[in-house]
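Here is a short briefing for a first look. Keep the sequence and the 3D view open while reading.

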Amino acid sequence: MLYHTTMQRELRVIIFDKSRLSSELLEIYLKELNEIRTVETFSDFVAGYEACKNEIPNFAIVDISENQEFALDLVSKLAKANIPTIVTSTSNSSSTI
């Protein structure tokens, strides 16, 4: 008899967001998905990037609504580190998009 077992893999996520309200909302949505657990949420993007280097997440979510140039630099660094990244923003200007 052949037994097949499946191991459920939990994805690690790091959220970069200056807004506590939106980061908490993201965490609520992510926790509803069984495969995802949030590693940490950072309003300090430098500290968050250091955490990414120490414990590489499966993906990162970066809000670029505030200090856009700095946030986009972070997105570039995450890309160079091969960390898949989802970018969010409250801005709907064409230059942001």
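Does Glu50 count as buried, partly exposed or exposed? Glu50 counts as partly exposed, because its relative accessibility is 36%. The model is a predicted one.

**Helix 1**

- Helix 1 covers residues 20-31, which makes 12 residues. From its first C-alpha to its last it reaches 16 Å. That is close to the 16 Å expected at 1.5 Å a residue.
- Three residues of helix 1 are buried: Ser23, Glu27 and Leu30. They cover an arc of only 65 degrees around the axis, so they sit on the same side of helix 1.
- Leu21 and Tyr29 are exposed. Both belong to the face of helix 1 turned away from its buried side.

**A nonpolar patch**

- Which residues form a nonpolar patch on the surface with Leu25? Ile28 and Tyr29 do. Together the three have about 320 Å² of accessible area.
- Leu25 lies in helix 1. Its relative accessible area is 43%, so Leu25 is partly exposed.

**Helix 3**

- Helix 3 has 13 residues, which should span 18 Å at 1.5 Å a residue. Its end C-alpha atoms are 18 Å apart, so the two values agree.
- The buried residues in helix 3 are Ala71, Leu74, Val75 and Leu78. Their arc around the axis is only 100 degrees, which puts them on the same side of helix 3.
- What do the buried residues of helix 3 pack against? Their partners are strand 1, helix 2 (45-54), strand 3 and strand 4.
- Glu69 and Lys80 are exposed on the other side of helix 3.

**Salt bridges**

- How many salt bridges does a search of the whole structure find? The search finds 5.
- Side chains of opposite charge can pair when their charged atoms come close.
- Glu24 counts as partly exposed, because its relative accessibility is 37%. Arg20 has a relative accessible area of 64%, so Arg20 is exposed.
- Glu27 is buried, whereas Lys31 is exposed, with a relative accessible area of 56%.
- Lys53 is partly exposed, because its relative accessible area is 46%. Glu50, from the opening question, is also partly exposed, at 36%.

**Two asparagines with positive phi**

- Asn67 has a phi near 45 degrees. That is a positive value in a residue other than glycine.
- Where is Asn67 placed? Asn67 is in the loop between strand 3 and helix 3 (68-80).
- Why does Asn67 count as exposed? Its relative accessibility is 52%, and exposed means over 50%.
- Asn82 has a phi near 60 degrees, again a positive value in a residue other than glycine.
- Asn82 counts as exposed, because its relative accessibility is 67%.

Note on methods: Residues are numbered from 1 along each chain as its sequence is written. This is a predicted model: local features need pLDDT of at least 70, side-chain atom pairs count only at pLDDT 80 or more; totals for chains, interfaces and linings use all residues. Side-chain values use heavy atoms; hydrogens and water are left out. Helices (H or I, at least four residues) and strands (E, at least two) are DSSP runs, numbered from the N terminus. The expected span of a helix is 1.5 Å times one less than its number of residues. Buried means under 20% relative accessible area, exposed over 50%, partly exposed in between (1.4 Å probe, protein chains only). The arc is that of the directions from the helix axis to the C-beta atoms. Contact means heavy atoms within 4.5 Å. Patches are made of residues with over 30% relative accessible area and no salt bridge: like charges are joined within 9 Å, nonpolar side chains (Val, Leu, Ile, Met, Phe, Trp, Tyr) within 5 Å. Accessible areas come from the Shrake-Rupley method with a 1.4 Å probe; for residues, only the protein chains shown count as cover. A salt bridge is a side-chain nitrogen of Lys or Arg within 4 Å of a carboxyl oxygen of Asp or Glu.
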